[in-house]
Amino acid sequence: MKKNCDILLCDLDAFFASVEQLDNPDLKGKPVLVGGSPEGRGVVSTCSYEARKYGIRSAMPMKKAISLCPEAVIIRGRMSRYKEISLQVRNIFERYTPDIEFVSIDEAYLAVKEGQGFETGTAIHDAVRNELHLPISVGVSVNKLLAKIACELAKPNNVDTLWPAEIEEKLWPLLVRALPGVGPVAEKSLNSLGVKTIEELAAYPAHALKYALGSSAEAVHNYAHGIDNRELELEHQAKSISEETTFAEDIFEHETMKSVLMELSSGVGYRLRSSGFTAKTITLKLRYRDFRTITRSLTIQEAIYSDRDIYQAAVSLFEKNCGSPPWRLVGVQASGFEQGSQMSLFSSLAEHEKETRLTETRDKLREKYGSDMIIQGRRLKKKKKKEVIDHD
Ligand SMILES: [Mg+2]
């Protein structure tokens, strides 16, 4: 880790659902689910905190979510709007530091001068609340691991710290599952050793963890002591951009996987364009039911940057390598960067995103009303918003 730095993890709370509640105050205080339709075997992409009280989680099949909370409002989601807001959040982050690793559309690590972490975290939290009226949680510490866990402790809509001196009090009581690298399988094998909490893991002899944790034993044991040597992957030095989803329940349908691939491709595309890169290689990551995980890549002659091109590459990889269902995890990565010459077509990213949004709006209207109606798009705006909420 960079010396003399505090590390922040800034994560917008229930981001897509919060944006929907912001744009439509009628939804405030209500359980809101953003994701695919329950008939179409969609999954929950994001749910509001009100929905979480019913046990609903991200990546849960929409059908199951609705059975837990029949009165929940389902919204199809408006990726272009989320990207627009993500860009505004990014602008706020950039006021405080150029050293930022964007993890996803709603999450970023920031490095700031040692001693300024809490003050900066509080300023960012207040700026996002006052200027964008959105809830964000910020975790502050000295490395990525501790910042991430501090952020979990801060949720929702708060700022918290997890300094090395606070490890015993704040980190050790948590279950081992809270550590990166400890999935359900590792958790089970640790539990069978009698290791349930991070404190118990920290006290366990490192060499005896090899059997339970394999090659990640040393890193995970270090995590239990709050030690994390991972550097921030700063966007301008990044070699790849990726997003992935681990499903709450195994996914059996190809169509569901495609809609998740669409969302991931869109997130990757957005971040690619934000960094001014184009990519020549798209990689699909897929985990099968037996936890076997594969990565398969496709290298394209001409560098790409649009959501659609990334999605097409990801889907073709998926179709070739999907094997038999169900699937537990899927990820999309773009690499093989070139400084994007195509980006010069757009005078700025904001304009490009606006253009994408217009295209999407146009496509949607065309689907719904036929091409003649596009001219009247303005008049339809209000009506459309309502329909999106009722039906999509
Ligand atoms: Mg978030």
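1. **Ground rules.** The model is predicted, so local features are reported only at pLDDT of at least 70 and side-chain atom pairs only at pLDDT 80 or more, while totals for chains, interfaces and linings use all residues. Residue numbers start from 1 along each chain as its sequence is written. Helices (H or I, at least four residues) and strands (E, at least two) are DSSP runs, numbered from the N terminus.

2. **The five-stranded sheet.** Let's start with the open sheet ordered β5-β6-β1-β7-β8, where the pairing is mixed. Two strands count as paired if DSSP finds at least two bridges between them. At the edges are β5 (100-104) and β8 (159-161); each has a single partner strand, so one side of each has no neighbour in the sheet. From one strand to the next, the twist averages 20°. Angles here run from 0 to 180 degrees between N-to-C directions, with axes as lines fitted to C-alpha atoms, for helices over the stretch in contact.

3. **A pair inside that sheet.** Strands β1 (residues 5-12) and β6 (residues 107-113) run antiparallel and are joined by seven bridges. If you want a place to look, find D11, which stands opposite E107 in β6.

4. **A helix across the sheet.** Which strands does helix α5 lie across? Helix α5 (residues 117-132) covers β1, β6, β7 (136-141) and β8, and its direction makes about 175° with that of β7. Contact between two residues means that their C-beta atoms, placed from the backbone, lie within 7 Å.

5. **Helix against helix.** Helix α4 (residues 79-96) packs with α5 at an angle of about 145°, the axes being 10 Å apart. Their crossing is right-handed; that label applies if the near helix is turned clockwise from the far one by less than a right angle, and left-handed if anticlockwise. From α4 come I85, Q88, V89, I92, F93 and Y96, which meet T120, A123, I124, A127, V128, E131 and L132 of α5. By class, the residues of this contact are 10 nonpolar, two polar and one charged. Here Ala, Val, Leu, Ile, Met, Phe, Trp, Tyr, Cys and Pro count as nonpolar, Asp, Glu, Lys and Arg as charged, and the others, Gly among them, as polar.

6. Is α6 largely enclosed or largely open? Nine of the 11 residues of helix α6 (residues 144-154) are buried, so the rest of the structure largely encloses this helix. A residue is buried if 20 or more other C-beta atoms, placed from the backbone, lie within 10 Å of its own, exposed if 12 or fewer, and partly exposed in between. The buried set is K144, L145, L146, A147, K148, I149, A150, C151 and A154. Their cover includes β1, β6, β7, β8, α7 (167-171) and α11 (217-224).

7. **From α6 into β8.** The loop between α6 and β8 holds P156, and the peptide bond from K155 to P156 is cis, with omega near -5°. N157 lies in that loop too, and has a positive phi of about 60° although it is not a glycine. With 18 C-beta neighbours inside 10 Å, N157 is partly exposed. Beyond four places in sequence, V159 contacts G121, T122, H125, V138, V140 and A154. The C-alpha atoms of V159 and F118 are separated by 7.9 Å, though these residues are 41 apart along the chain.

8. **Two further backbone spots.** Most residues other than glycine have a negative phi, and most peptide bonds are trans. P325 and P326 are joined by a cis peptide bond with omega of about 5°; P326 lies in the loop between α13 (307-321) and β12 (327-339). F291 has a positive phi near 75° and sits in the loop between β10 (277-288) and β11 (293-304). F291 is exposed, with 11 other C-beta atoms within 10 Å.

9. **The three-stranded sheet.** Finally, an open sheet with mixed pairing has the order β3-β2-β4. Its edge strands, β3 (44-47) and β4 (73-75), each pair on one side only. Strand β2 (residues 32-35) pairs with β4 in the parallel sense over three bridges, and L33 has I74 as its bridge partner in β4. Helix α1 (residues 15-23) packs on this sheet and touches β2, β3 and β4, with its direction at about 120° to that of β2.
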